[in-house]
Amino acid sequence: MTITGKNLIAGEWSGDASNGFSAINAIKNEAMSETFADATTQEIEHAIVRANEAFNSYQQLPAIKRAQFLRTIGEEILAIGDELISMACAETGLPEMRIQGERGRTIGQLGLFSQLLESGEYQGIFDEADADRQPLPKPDTRLGYLPLGVVGVFAASNFPLAFSTAGGDTASALAAGCPVVMKAHAAHPGTAELVARAISSAIKKCELNEGVFSLIQGKNYAISSQIVTHPLIKAVGFTGSERVGMILQKQINDRAEPIPFYGELGSVNPQFIMAGKFAEDSAGIAQALVASLMMGQGQFCTSPGVWAYIEDDNMANFERAASEAIAETKAGVMLTPAIAATYTRAVEHWQTLSGVKLLAQGQSGVEHFGRAALFATDLETFKRTPALHEEVFGSCALIVRLKNLTEMAEFIRLLKGNLTASIHATDNDINESKTIAALIAHKVGRLIYNQMPTGVEVCASMNHGGPFPASTDLRSTSVGSEAIKRFQRPICYQNMPNELLPELLKR
């Protein structure tokens, strides 16, 4: 396929890419040949207006038809073939196997929502009338769900497929009956265009209103502001930095009509290593943590960034094994030169902090590669040093040495919200683990036992969210079958004749 560099506006490719921006080949650190147009104010307005027009028909589409549409998108993505893999690898520096797996997950997410729609999973709640109830008869009430309207979705930098153009936010919004206006990430615009072509093809094959999906390209910050403040946008899905997320949140709060903002902003994913685990296999758990940290060069939202444990005789063995494993890691390509530079600055800053010790660094590499780093500190330093509480997006981890269970409890109280936490323990640690689990559960969206946090299962029981800043709405998940509920609202139908009820609520 020839990359046009244009925006997909309700089925039409629009824009002049001749003087636009280019993606950076992450491995070579040089501009790629394709250029992409910044969407204009008029193009964004047209995309949103057309999406709102499409909402009138799309929201009434039977669930079986929406399921067919989602499944067709997956088929069209697969049909792109190796070109999609090559483009994503070049734009992000992620390995081919990772991108192939991410493509499978993206198609799997679409398939999950297809299956749920076909099975009537979201059909609502029935409370039958009771004419004999005293002192007043009970009416017939039925709880259903309505799609919110047009959803603005922002692609993630670190998942060019699974959290981007046809990723989880888009899939769940379309499954809910909401048209999508997608803001592509400037780090992988070519990948975004290829996937948008697949969605456009699926729209045509399923004979839907072409306003149901638009792709907005651009590096102009005003584009994001226009999307989130537009009165026809009724919800926003965002994956990105806390700084940008908070800017968008403020703009949404200042709207005449505030709307749901589902932002995933940051997480350090604390790891708690109990005494029995230390005694059982201190070297093994150290190596496993380093391996998890190094997945995607630490650029997973669930990367284990903080490791906490109580000091004992096994601590030295653990730290030695972890330091040796870090020292053996090779510097790796990061998603963009800007992300690499931010990561390097954060690591360099930590090296200047009083009470923070650099235990080990990975092998050095070219300037735009990331070099793993392992630091250690104590509770008092952690308490007084705000920088240590923030996510370092990359392969950097902080050990927090604690003196006893009381200090571990205090450390947990200091933590911000997170997507995940893991407890690594043996049966002999069960009493202490109960204490930690009860405390940390209030700081995370997913609590894990004796497994690493990296990797998110796409299933009905998954929760990928958590207290701020892990997400801006701790009651929601961006992964799994519950994700659809972010883009629906409840509606109660009371004493309605069968002819006026939605299909799933009819008698």
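Predicted model: local features only at pLDDT ≥ 70, side-chain atom pairs only at ≥ 80, totals over all residues.
Which residues lie nearest the centre of the largest cavity? Select Val 268, Gly 305, Glu 391, Val 392 and Cys 396, which hold that position among the 15 residues of its lining.

**Stop 1: the largest cavity**

Keep those five residues displayed. Colour the lining by residue class: eight of its residues are nonpolar, five are polar and two are charged. The model has three cavities of 30 Å³ or more, and the next stop is another of them.

**Stop 2: the second largest cavity**

Select Tyr 262, Gly 263, Glu 264, Ser 478 and Arg 486. These lie nearest the centre of the second largest cavity, which is lined by 15 residues. Two elements, β10 (233-239) and β11 (261-264), each give two or more residues to this lining. The volume here is about 90 Å³. Colouring by class gives four nonpolar, eight polar and three charged residues in the lining of this second largest cavity.

**Stop 3: the second largest pocket**

Now move to an open site. The second largest pocket has a volume of about 590 Å³. Its lining has 24 residues, and those closest to the centre are Gln 59, Arg 66, Tyr 145, Pro 502 and Leu 504. Display these five, then highlight α2 (63-80), β6 (141-147) and β21 (488-494), the elements that give two or more residues to the lining. β6 gives the most, with four residues. By class, the lining of this pocket consists of 16 nonpolar, six polar and two charged residues.

**Stop 4: α2 against α5**

The axes of the two helices come within 9 Å and cross at roughly 155°. An angle over 145 degrees counts as roughly antiparallel, so α2 and α5 are described as roughly antiparallel. The crossing of α2 past α5 is right-handed.

For the contact itself, select these two sets:

- from α2: Arg 66, Phe 69, Leu 70 and Ile 73
- from α5: Ala 171, Leu 174, Ala 175 and Ala 176

By class, this contact has seven nonpolar residues, no polar ones and one charged. Arg 66 of α2 takes part in the contact with α5, and Arg 66 is also among the residues closest to the centre of the second largest pocket.

**Stop 5: α9 against α10**

Which way do α9 and α10 run, roughly parallel or roughly antiparallel to each other? Show helix α9 (residues 275-294) and helix α10 (residues 315-328), whose axes come within 8 Å and cross at roughly 25°. Angles under 35 degrees count as roughly parallel, and α9 and α10 are therefore roughly parallel. Their crossing is right-handed.

Select the residues that meet:

- from α9: Phe 278, Ser 282, Ala 283, Ile 285, Ala 286, Leu 289, Val 290 and Leu 293
- from α10: Met 315, Asn 317, Phe 318, Ala 321, Ala 322, Ala 325 and Ile 326

Sorted by class, the contact of α9 with α10 has 13 nonpolar and two polar residues, and no charged ones.

How values were computed:
Residues numbered from 1 in each chain as written. Heavy atoms only, no water. 1 Å grid on protein atoms, 1.4 Å probe; cavity = no way out; pocket = protein on both sides within 12 Å on 5 of 7 lines; lining within 4 Å. Points joined across faces, edges and corners; volume = space filled by probe spheres on them. Nonpolar A, V, L, I, M, F, W, Y, C, P; charged D, E, K, R; others polar. Axes fitted to C-alpha atoms, helices over the stretch in contact; angles between N-to-C directions. Parallel < 35°, antiparallel > 145°, perpendicular 65-115°, else oblique. Left-handed = near helix turned anticlockwise from the far one by under 90°. Contact = heavy atoms within 4.5 Å.
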